[in-house]
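Subject: Structure handover

Hello,

Here is the structure I promised to pass on. My notes follow below it.

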Amino acid sequence: MRWLKWISLPVLGLLLSAVVQTAGSVEAPLSSPAAVPADQQLDTAVAQLNQYFQQRWQQAGLQPAAQADELTVFRRVSLALFGCVPALAEIKAFEQDQQPNRLDRWIVRMLQDDRFGRYFADRLARSLTGVEQGPLFIFRRDRLRDWLAEQLLADASWGRMTRDLIAAEGLWTDQPAANFITIARLENEELDEVKLAGRTARMFLGQRIDCAQCHDHPFDPQWKQRHFEGLAAWYCQATVSLAGVTDFDRDKNQQPVVYKVAEPGKDQQSGRTVDPAVPFNEDWLPATGSLRSRLATWVTHPDNRRFERAIANRIWGLMVGRPLLDPVDDLPHPEDSAPPDALDLLGAEFRRRGEKLSVLIRLIALSQPWQLSSESPEQDLQLLRQQQDHWAVFPLVRLRPEQVIGSLFQAGRVRMVDQNSHPLIRFQKMTSENDFIQEYGDAGEDELNAQSGSITQSLLKMNGRFTADSLKVDLLSGPAEVLQLSPDDATIIENSFLMCLTRRPSAEEQQYFLEQLKDNRNQAVEDLFWALFNSPEFSWNH
Amino acid sequence: MEPLITDRRGLMRQAAAAGLSFLLPCLAPAAARRRGTDRPASLIVLWMNGGMSQLETWDPHPGTLSGGLTKAIRTSAQGVQISHLLPRMAEQMHQCLLIRSLHSKEGDHEKGAAFVRTGYNPEPTLAYPTLGSVIARQLPQASLQIPPYILLNPRIPVPESGYLGNEWNAFRVFRPGENVANLTASVPDQRLQRRLQGLDVVGREFARRRPLAEQVTLQQDLTRRAVQMMQSEQLAAFQLDDEPAALQDSYGRNDFGRGCLVARKLVETGVRVVEVTLPGFDTHISNHEGHITQCQILDPAMSALLQDLQQRDLLQSVIVLCISEFGRTPRINPADGRDHWPSWFSCVVAGGGFRRGAVLGATAGEIPTGDSPAPLDPVSVPEVYATILSQLGIDGSQEVITPVGRPIRFASAAPDLRLLHSGS
């Protein structure tokens with residue numbers, strides 16, 4: 001067993017260094033983020049957006065909920081951007097920061113944090129390619145995700161990213177955007193144009209037209225089957241080979257490559273030819289370029305309101321858990337004559353500011369609906385629904401499995417689990433994330449649908465090892481640090497509440513847990529963390 | 001040291017005494033002791049994961065190009081022959097309806113499984129519920145303290161409940177016959193009680209501030225049901241310790257065999273739907289050898305299950321369905337494997353008023369060229385499902401409004417009378 005000795009030495013070293021890092025409680029306090037430069041402030045756009053909602057509430061005769069306290073809003077931002085609750089260290093630093101525009105400054109800094117890149121890229125990758133495994137070897141979700149994270153952290157233009165995705169060429173490894181195409185490869189090695197057309201329309205135009213594969217859109221007379229077929233035809237020249245994604249306008253017999261549609265069950269080549277076509281504004285199409293690059297230019301054309309509305313609705317959905325217009329990808333055709341709605345207002349600022357997703361994220365987080373409380377003493381269900389429909393109260397939305405385990409992991413520690421954390425802790429986080437999601441159940445592709453929890457999830461949170469690991473009072477744990485570092489029992493309870501729920505305990509809660517702490521303190525702290533982890537408040541965005 | 005759970009009902013009593021809102025017991029008297037048709041109906045699905053070859057199992061074509069090495073043997077059903085790899089099932093075929101003409105368009109594992117599990121072609125914009133979710137939702141069972149829909153040894157990660165919502169997702173058990181994960185509290189009873197009390201304090205504060213909205217979390221209900229399940233005597237249905245060794249041997253001492261025996265115990269307890277997975281059918285290489293191995297697991301387990309249900313007079317109320325996401329190609333590839341073949345494949349249904357000792361549909365032994373011809377007497381998956389639903393007393397034509405506002409029927413076809421015993 002000599003090999004075991006050689007392996008165990010570095011592992012022991014890692015462990016020791018992790019202990020030293022964690023136990024050494026002296027750490028440079030988090031600095032306050034710098035002011036947002038004047039030319040990047042969004043005050044006017046935020047005011048317009050707020051005015052839109054205020055008018056909407058007034059017309060509906062609704063009184064908006066009270067403003068949520070800033071810690072609650074901070075929790076929402078952290079869950080939306082990092083996929084976990086804020087760390088105790090962050091909460092303390094946020095509270096100590098008394099400079100103006102605190103929230104916006106913190107958001108701007110969070111948008112440059114690795115945690116944002118990783119978590120948000122995963123969300124976007126799901127929207128782009130679903131949750132299926134995809135074809136072996138030629139679909140690399142990890143590469144797509146890394147690329148998206150790089151783009152997000154570089155604050156890249158969504159228009160440019162979209163063009164890269166639709167018109168990607170090359171290998172799925174060194175041109176990661178190409179994975180948007182390769183996931184659609186069929187078993188017979190052809191590309192599934194229908195799938196690509198469906199994804200393009202849903203993701204970039206906010207339109208479900210998959211049904212038009214077989215028939216006209218049932219509710220929207222604008223969308224006919226021929227539109228769908230015409231859209232699919234733009235992808236007909238793309239092929240996936242060992243050389244990666246390439247476009248060929250001639251086949252091996254030097255015949256032009258055309259898109260054919262056959263009756264179900266029949267060979268595609270025996271079908272009728274369909275030319276590439278767009279459902280509206282053909283004048284936006286450039287005259288030259290590959291079919292896919294022409295489609296990409298059309299989709300992202302500055303006058304294509306669908307493009308900005310689609311991404312604004314999706315980012316709202318990813319931030320809040322519920323899109324502004326539900327479902328996220330079936331938006332009505334924007335009428336030129338209609339007054340601008342929230343999606344238009346968001347979209348206009350997004351376009352003005354270089355089509356950056358960071359602009360949408362900040363605008364949403366600074367808007368009044370996002371900052372409203374989820375508390376509503378309302379006893380009338382119908383009135384509550386009306387309030388929810390008009391965003392006059394912040395909705396209760398179940399956290400995604402990634403957010404639950406992310407929060408469970410973070411709340412069990414005092415400091416941020418981020419790129420600066422010890423490799424062992426990051427490794428532990430990654431493995432527990434995967435294992436937890438497998439047991440908890442993935443939300444699937446349909447992730448913006450409101451759903452309640454399941455009994456499997458309750459049992460996992462109550463009795464599972466992930467909860468047990470996070471609440472244990474031992475050397476490396478947050479609960480142990482809380483016990484050691486808090487000067488008195490009241491602070492122990494306060495810190496535990498802040499770590500798990502990003503709020504302070506109520507008087508009743510404080511009193512109850514103070515009583516509990518009189519006995520076996522280690523057990524009482526573990527039981528406190530258990531109660532907090534299992535509370536609905538922990539697993540729901542509010 | 002604090003005592004471990006000594007009285008299974010102790011916690012419920014303590015909880016009731018403490019007046020905890022989410023712990024109020026809602027126990028109905030234990031049911032499911034009844035037999036024959038006078039008991040709640042259930043479904044057991046034996047899911048052959050990866051695509052079972054019809055040619056090595058239910059639809060052999062010996063002596064033809066497509067038939068390969070598989071021979072056909074006579075069975076207890078007159079005129080019905082199945083593969084020689086299933087000798088024990090051959091003795092049970094008088095109880096079964098064999099359908100050889102199922103067909104699908106989906107030759108991809110994920111899409112094929114989505115179609116066969118839901119009876120609807122998969123759509124990117126709407127997730128359909130599996131047959132199991134629909135049954136669990138439509139046939140509530142008040143006396144049941146464990147979930148109504150259980151997957152044993154599952155392999156498919158996709159949620160089952162689709163547009164019906166998480167509540168109707170299946171409960172997953174990865175190692176059937178062993179202790180079910182997360183059902184035992186990591187602390188003694190008394191301490192769990194204290195934890196639940198703390199949870200109640202924190203939960204009350206949250207609910208007080210948003211009395212109506214909080215109800216959507218179902219938190220109180222879920223915690224109550226979780227605690228109830230942790231304490232329930234019905235959990236014994238997951239355990240095999242008390243089952244006679246000979247019976248366990250007859251099912252087979254492997255995950256699938258144990259799963260089938262647990263499935264029998266679960267439906268006996270009143271569980272509505274149990275799905276047991278046998279993985280390993282994706283035999284692109286060495287198909288025949290692969291199916292020898294698979295059939296050595298399937299044959300004893302499925303035949304023991306049918307016999308066991310019959311002996312316990314449960315076969316009238318329990319439907320057993322053995323099915324796969326698709327079949328495998330008539331052509332044997334250069335690696336001696338068979339590839340995916342949705343054009344025709346087989347399933348077996350037994351019990352619950354389905355025809356017995358009969359075959360529906362037929363396929364040819366030659367290897368098709370060009371467009372694949374339809375099998376003789378085709379039966380669709382939606383037809384099978386509509387028939388199962390109707391036998392369980394559920395109207396498949398009933399529409400529900402999905403979250404996107406589209407009305408959808410539980411089954412996209414009507415029940416098929418060809419599948420039913422003439423007397424039922």
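Domain bounds here come from an automatic or database domain assignment. On that basis, chain A is divided into domain 1 (115–299) and domain 2 (396–541). Their C-alpha centres lie 41 Å apart.

Some ground rules. This is a predicted model: local features need pLDDT of at least 70, side-chain atom pairs count only at pLDDT 80 or more, and totals for chains, interfaces and linings use all residues. Residues are numbered from 1 along each chain as its sequence is written, and chains are lettered from A and ligands numbered from 1 in the order in which they are written.

Chain B overall

Chain B holds 10 helices and 15 strands. These are DSSP runs numbered from the N terminus (helices: H or I, at least four residues; strands: E, at least two). Chain B has 424 residues, and 54% of them count as buried. Buried means 20 or more other C-beta atoms within 10 Å of the residue's own, with C-beta atoms placed from the backbone. Of the contacts in chain B with a separation of 6 or more, 72% are between residues 24 or more positions apart. A contact means C-beta atoms, placed from the backbone, within 7 Å.

The interface

On chain B, 51 residues are in contact with 51 residues of chain A. Strand E6 (171–173), helix H5 (189–209) and helix H6 (219–231) of chain B each give two or more residues to this side. H5(B) supplies the largest share, 11 residues. By type, the chain B side divides into 23 nonpolar, 13 polar and 15 charged. Nonpolar covers Ala, Val, Leu, Ile, Met, Phe, Trp, Tyr, Cys and Pro; charged covers Asp, Glu, Lys and Arg; the others, Gly among them, are polar.

The core

The largest nonpolar core has 247 residues, and Leu360(A) and Leu46(B) touch the most other members. Such a core is a set of buried Ala, Val, Leu, Ile, Met, Phe, Trp, Tyr and Cys residues joined through C-beta atoms within 7 Å. Helix H13 (residues 305–320) of chain A gives the largest share, 9 residues. Leaving aside neighbours within four places in sequence, Leu46(B) is in contact with Val276(B), Leu278(B), Met302(B), Val320(B), Leu321(B) and Cys322(B).

Helix H4 of chain B

In helix H4 (residues 131–138) of chain B, 7 of the 8 residues are buried, so the helix is largely enclosed by the rest of the structure. Arg137(B) is among the buried ones. The buried residues of H4(B) pack against several chain B elements, including strand E1 (42–48), strand E7 (273–278) and helix H10 (381–391).

Best wishes

Technical notes. Buried ≥ 20, exposed ≤ 12 C-beta atoms within 10 Å, placed from the backbone. Contact = placed C-beta atoms within 7 Å.
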